[in-house]
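My notes follow in the order I took them.

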Amino acid sequence: MGVIIMISAVANRGKTTAIKTLAKRFQMRDVEYFNYNGDNLTEPDPKELLCRATIDVNGKERTIGFSSQGDSDWFVSQGLKMLTDSFEKGVDVMVVAYRARKNLPMDVIKPVREGGYEMIWTANYCGKNVNGVNTLVFRGVDLNEMFAGNMVSLINRLLP
């Protein structure tokens, strides 16, 4: 069925901004915005992104979803639930943040795994400057833009 791309990293590594940057790379239409309490929104939340939209990939309409809040298993679970209308609606690709701690508990991903979703685990790009401070611009390279470009390429190749 679909693919979930899990962006996993520890706290304060730019997962949310990476996912927001990636979402801007797509010409999305029929965008549906949500919050993690289960409400539909008319516009995106300024702090986080939870949305589902239609995109064109290789001349075909596809559904894509983005969930940028992964600070707890509850947020991951709610994001998956909202993007799939409680696991009733198919989404071709979902990009979901997850704050790396331990393994993601099975009860969080069980519904999507049972729905036939496959998973890819990756991490966004984050550099450290000479002072040991995390930076999203490394040697003049915007790491979020580089990550987004590579993810767009991956998504386009995953969806024939």
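I looked up L49 and found it in the loop between β3 (40–41) and β4. Strands here are DSSP runs of E, at least two residues, and helices are runs of H or I, at least four residues, both numbered from the N terminus. This is a predicted model: local features need pLDDT of at least 70, side-chain atom pairs count only at pLDDT 80 or more, and totals for chains, interfaces and linings use all residues. Residues are numbered from 1 along each chain as its sequence is written, and side-chain values use heavy atoms, with hydrogens and water left out.

I checked the accessibility of L49: it counts as buried because its relative accessibility is 9%. Buried means under 20% relative accessible area, exposed over 50%, and partly exposed in between, with a 1.4 Å probe and protein chains only. Setting aside neighbours within four places in sequence, I listed the contacts of L49 (heavy atoms within 4.5 Å). They are I19, K20, A23, Y33, Y36, P44, F66, S67 and S68. I also noted that 14 Å separates the C-alpha atoms of L49 and M28, which are 21 residues apart along the chain.

Next I turned to N144, in helix α4 (residues 143–158). N144 counts as buried, because its relative accessibility is 6%. Not counting residues up to four places away in sequence, N144 touches G14, T17, A18, T21 and L136.

Last I read helix α2 (residues 73–83), where V76, Q78, G79, L80, M82 and L83 are buried. Among the elements covering these buried residues are β1 (3–9), β6 (93–99) and α3 (106–114). After α2 comes D85, with a positive phi near 50°.
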